[in-house]
Amino acid sequence: MHPDDNVCLCYRVSLQKIRAYLNEHDPSVASLLSECFGAGTGCQWCVPFLKSLHAQHQRGETLDLRTSPEQYATARKDYQ
């Protein structure tokens, strides 16, 4: 996934915004990512992905969802 691609499709919160939030605030739990422009508070489909990004951050890894933006968006359509 590219930095400008949205992780939270409801509120259009990009991977880059989430990276910046994690680096600046270093939240102790993944649920605090909701303070990043409301990420994960809409349909909540992205919550597992936000948890994964938070875990990667906690381990000091480079944040990535390891999927293409097209696959990500298609999977969400199947969710609804």
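Which residue takes a positive phi just after α2? G60 does, with a phi of about 80 degrees. Keep in mind that this is a predicted model. Let us walk through it, helix by helix.

Now look at which residues are hidden. L50, L53, H54, Q56 and H57 are buried in α2. They cover an arc of only 160 degrees around the axis, which puts them on the same side of the helix. The spacing has a simple background. An α-helix has 3.6 residues a turn, so residues three or four places apart point the same way. The face of α2 turned away from this buried side carries P48 and K51, which are exposed. What do the buried residues of α2 pack against? Their partners are β1 and α1.

After α1 comes D26, and its phi is positive, near 40 degrees.

Now for the core. In soluble globular proteins, nonpolar side chains tend to be buried together. In this model the largest nonpolar core has 18 residues. V7, I18, C46, L50, L53 and Y72 have the most contacts inside it. β1, α1 and α2 each supply at least two residues of this core. α1 gives the most, with four residues.

Follow Y72 from there. Leaving aside neighbours within four places in sequence, Y72 is in contact with M1, N6, V7, L9, W45, C46, F49, L65 and T67. T67 is worth a stop. Its place is in the loop between α2 and α3 (69-79). Is T67 buried or exposed? It counts as buried, because its relative accessibility is 18% and the cut-off for buried is under 20%. Not counting residues up to four places away in sequence, T67 touches M1 and Y72.

Aromatic rings come next. A pair of aromatic rings is described by the distance of the centres and the angle of the planes. The whole structure holds three aromatic pairs. In one of them, the rings of W45 and F49 have their centres 4.8 Å apart and their planes at 45 degrees, so the pair is tilted. F49 is partly exposed, with a relative accessible area of 26%. W45 is buried, at 9%. W45 also pairs with Y72: the centres are 4.7 Å apart and the planes are at 65 degrees, so this pair is edge-to-face. W45 lies in the loop between α1 and α2, and Y72 in helix α3, so the pair ties together parts that are 27 residues apart in sequence. Both W45 and Y72 are buried. Ring pairs link W45, F49 and Y72 into a cluster.

Finish with charge. Side chains of opposite charge can pair when their charged atoms come close. The count here comes to one salt bridge. The side chains of E61 and R59 meet in it, at 2.8 Å from N to O. R59 is exposed, with a relative accessible area of 54%. E61 counts as partly exposed, at 34% relative accessibility.

Technical notes
Residues numbered from 1 in each chain as written. Predicted model: local features only at pLDDT ≥ 70, side-chain atom pairs only at ≥ 80, totals over all residues. Heavy atoms only, no water. Buried < 20%, exposed > 50% of the residue type's maximum accessible area, 1.4 Å probe, protein only. Contact = heavy atoms within 4.5 Å. Core = buried A, V, L, I, M, F, W, Y, C linked by side-chain atoms within 4.5 Å. Salt bridge = Lys/Arg side-chain N within 4 Å of Asp/Glu carboxyl O. Arc of directions from axis to C-beta. Phe/Tyr/Trp six-rings, centres within 6.5 Å; stacked < 30°, edge-to-face > 60°.
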